[in-house]
Amino acid sequence: MSRMSGSMRGRVRTALIFIAALYLTACGVSNVVIEGSFPTPNINKLPLTVAVYYDPVLTEFTYIEYSETGNEEYNIASGQSHIELFSAVLPAMFDGVIVVDSIEEAEALGVDAIFAPIIEEFQLALPAKTKLDVYEIWIKYNMRLMTAEGDYIADWVLTSYGKTPTESLRSVEAAINAAAIVALRDLASSFSLSFTQVPEVKDWLNTL
Amino acid sequence: MKHAIGRNRLGLALLLLVLLVSCTTTTIDEFRQGETSIEGHESVVILGRRQASDYETRSEFVECVGERMTRGENSISIVPEQEFVDAMFPWFEPRTAPLRTRDLERLMTEAVVADRMTEFGVRYIVWLDGFTETTDRSGSISCTIGPGGAGCFGFGSWEDYANFDARVWDVDSLTNVGTISTDATGQSYLPAFVIPIPLIARVEANACSRLATQLKDFVNGS
């Protein structure tokens, strides 16, 4: 039996590495960390100082999309991007914004209100499953506004939606990120424009 | 000699095929509702409509139309879409963007929006709405890879259809001054004999080019 030549052995090794890489990528979950920048809204500021508490439910939020066979397919982390979003939006809405580590810390500051947003639900629709040429993301939030003493002012639900079309030279991860950024911008626009229209918030503002 | 004739014939056949596939049919339809003209210091912003649930106007197409309008004779100053949308945030997002001129009128009562519009010198807003779809896919190509090499064999073809509408709003009079529609179709081929040779009909590129030319003339009032 003739021995394999050096070049042949090299080719076989390359092919084996390629196959192994394919297997590894096919089995693993893809991690997507949502990254993007957000513009500052052009709106009138309210003469209020608000403390913001980012609940770990928001900052550590991850969503796992499962394949049709039940395997973990995409792990989407969006916590940091939400902090960046609110950091761009809130200073444009209020005269003063203080980020706090706990509700108790906010109560001690004597601010006008405490704002604590959380994510309640996250949904992802992939073209492979919907048969549409768009990636879609829905996020449902619970916006909580409290007095400086921690008493309830308002607690309302906001939903945001983002989509992006499929593109031939773009990865699924990049498309998910793009759709998430559109959804986050949607949250920023609806939150900043509808804040004073929330009935409980409106009533509270009238008492100030 | 025989070989040379054969090669020439093959070359001619290929050239004919390329010429055939290069053809796309584009139809432009213009509906004018008001007078238009633009001064040197004024600009146009082209925005993509993104309200539909099953498609959205691609930003690359919007960019293509804008870029072509800045070229050649009677070129027009175009405000980049993303720069405008970011500067106007949150008033021109998919959920908040004005759908009718009545909405724009209401939006212009916001001092911050009116100021930004003046800063950009926007005279016309062009709303682009549409998409390109691929239909009538046929044929098949199979590729194989082995230690000795790789190759593809087969033939595939498909038809692309692009349909875009451009609505032009006059920011001064807050009215819709016209609509330009473009339809483009073209057949693409992909023969593969060891190497796949894509013969692509540039449907969207043609739609972009024709629409940009028509829009430029429309805005200039010619």
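This is a predicted model: local features need pLDDT of at least 70, side-chain atom pairs count only at pLDDT 80 or more; totals for chains, interfaces and linings use all residues.

Student: How do you know whether chain B is spread out or a compact globule?

Tutor: Start with its elements: six helices and six strands, running α-β-β-α-β-α-α-α-β-β-β-α from the N terminus. For 222 residues the globule rule gives 17 Å, but the radius of gyration is 23 Å, well over that, so chain B is more spread out than a compact globule. The C-alpha atoms fill a box of roughly 75 × 40 × 25 Å along the principal axes.

Student: And which share of its contacts links residues 24 or more positions apart?

Tutor: Counting contacts with a separation of 6 or more, that share is 72%.

Student: What makes the set around B:F92 a nonpolar core?

Tutor: A core consists of buried residues of the listed nonpolar kinds, joined through side-chain atoms within 4.5 Å. The largest one has 75 residues, and B:F92 is among those with the most contacts inside it, as are A:L145, A:W156 and A:F191. Helix α6 of chain A (residues 172-194) gives the largest share, 10 residues. Leaving out neighbours within four places in sequence, B:F92 is in contact with residues including B:F84, B:M117, B:I125 and B:W127.

Student: Where does B:F61 belong, then?

Tutor: In a second, separate core of 29 residues, which also includes B:L128, B:L211 and B:V219. As a general point, nonpolar side chains tend to be buried together in soluble globular proteins.

Student: Over to chain A. Why are β1 and β3 called edge strands?

Tutor: The open sheet has three strands in the order β1-β4-β3, with mixed pairing. β1 (30-33) and β3 (62-66) of chain A each pair on one side only, so they are the edge strands. Direction ignored, neighbouring strands are turned by 20° against each other on average.

Student: How do you know that β1(A) and β4(A) count as paired?

Tutor: Pairing needs at least two bridges. β1(A) and β4(A) (residues 72-77) have four, in the parallel sense, so they qualify. Across from A:N75 in β4(A) stands A:N31.

Definitions and conventions. Residues are numbered from 1 along each chain as its sequence is written. Chains are lettered from A and ligands numbered from 1 in the order in which they are written. Side-chain values use heavy atoms; hydrogens and water are left out. Buried means under 20% relative accessible area, exposed over 50%, partly exposed in between (1.4 Å probe, protein chains only). Helices (H or I, at least four residues) and strands (E, at least two) are DSSP runs, numbered from the N terminus. Contact means heavy atoms within 4.5 Å. Axes are lines fitted to C-alpha atoms, for helices over the stretch in contact, and angles run from 0 to 180 degrees between N-to-C directions. The radius of gyration is taken over C-alpha atoms; the globule rule is 2.2 Å times the number of residues to the power 0.38.
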